[in-house]
Amino acid sequence: QVQLVESGGGLVQPGGSLRLSCAASGSIFSINAMNWYRQAPGKERELVAGITSGDGSTNYADSVKGRFTISRDNAKNTVYLQMNSLKPEDTAVYYCNAELRTVSTWYRGYWGKGTLVTVSS
């Protein structure tokens, strides 16, 4: 069984920073892409940032470019999201997503339960 557990969310003032972490555990054979999504109240879930497994290529939503940085530690099966210059519109539940293969199944997507980020003064 695979689990993705996010941490690092919380309340922060505009202009502040947070670092989210997501650790994957279980019978994991290998992990391809790892991504962060977010869903604000009343809005659809959107891709925030993604990172590949091989060369570590990254992609970002236009709204977070230059402010957020995604990274990963393959040895720890962990992905991070460093969020700087936070804005009230960044308020959302942030979800970790990973495409991975277990010892008994082929590659498929897994989701964490999310961590709430609130940007407010």
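Biologist: Which residue's side chain meets Glu 46 in a salt bridge?

Modeller: Arg 38 does. The N to O distance is 2.7 Å. Bear in mind that this is a predicted model.

Biologist: Is Arg 38 buried or exposed?

Modeller: Arg 38 is buried, because its relative accessibility is 6% and the cut-off for buried is under 20%.

Biologist: And Glu 46, how does that count?

Modeller: Glu 46 counts as partly exposed, at 35% relative accessibility.

Biologist: What about Asp 90, which residue does that pair with?

Modeller: Asp 90 forms a salt bridge with Arg 38. The closest N and O atoms are 2.9 Å apart.

Biologist: Where do those two sit along the chain?

Modeller: Arg 38 lies in strand E4, residues 28–39. Asp 90 is in the loop between strand E8 (78–83) and strand E9 (92–102).

Biologist: Is Asp 90 buried or exposed?

Modeller: Buried, and so is Arg 38.

Biologist: Which residues are linked in the salt-bridge network?

Modeller: Arg 38, Glu 46, Arg 67 and Asp 90.

Biologist: How many salt bridges in the whole structure?

Modeller: The search finds four. One of them joins the side chains of Lys 65 and Asp 62, at 3.1 Å from N to O.

Biologist: Is Asp 62 buried or exposed?

Modeller: Exposed, because its relative accessible area is 63% and the cut-off for exposed is over 50%.

Biologist: Switching topic. How many disulfides?

Modeller: One. Cys 22 is joined to Cys 96, with 2.1 Å from S to S.

Biologist: Which parts of the chain does that pair link?

Modeller: Distant ones. Cys 22 is in strand E3 (residues 18–26) and Cys 96 is in strand E9, 74 residues apart.

Biologist: Are the two cysteines buried or exposed?

Modeller: Cys 22 and Cys 96 are both buried.

Conventions
Residues are numbered from 1 along each chain as its sequence is written. This is a predicted model: local features need pLDDT of at least 70, side-chain atom pairs count only at pLDDT 80 or more; totals for chains, interfaces and linings use all residues. Side-chain values use heavy atoms; hydrogens and water are left out. Buried means under 20% relative accessible area, exposed over 50%, partly exposed in between (1.4 Å probe, protein chains only). Helices (H or I, at least four residues) and strands (E, at least two) are DSSP runs, numbered from the N terminus. A disulfide is a pair of cysteine sulfur atoms within 2.5 Å.
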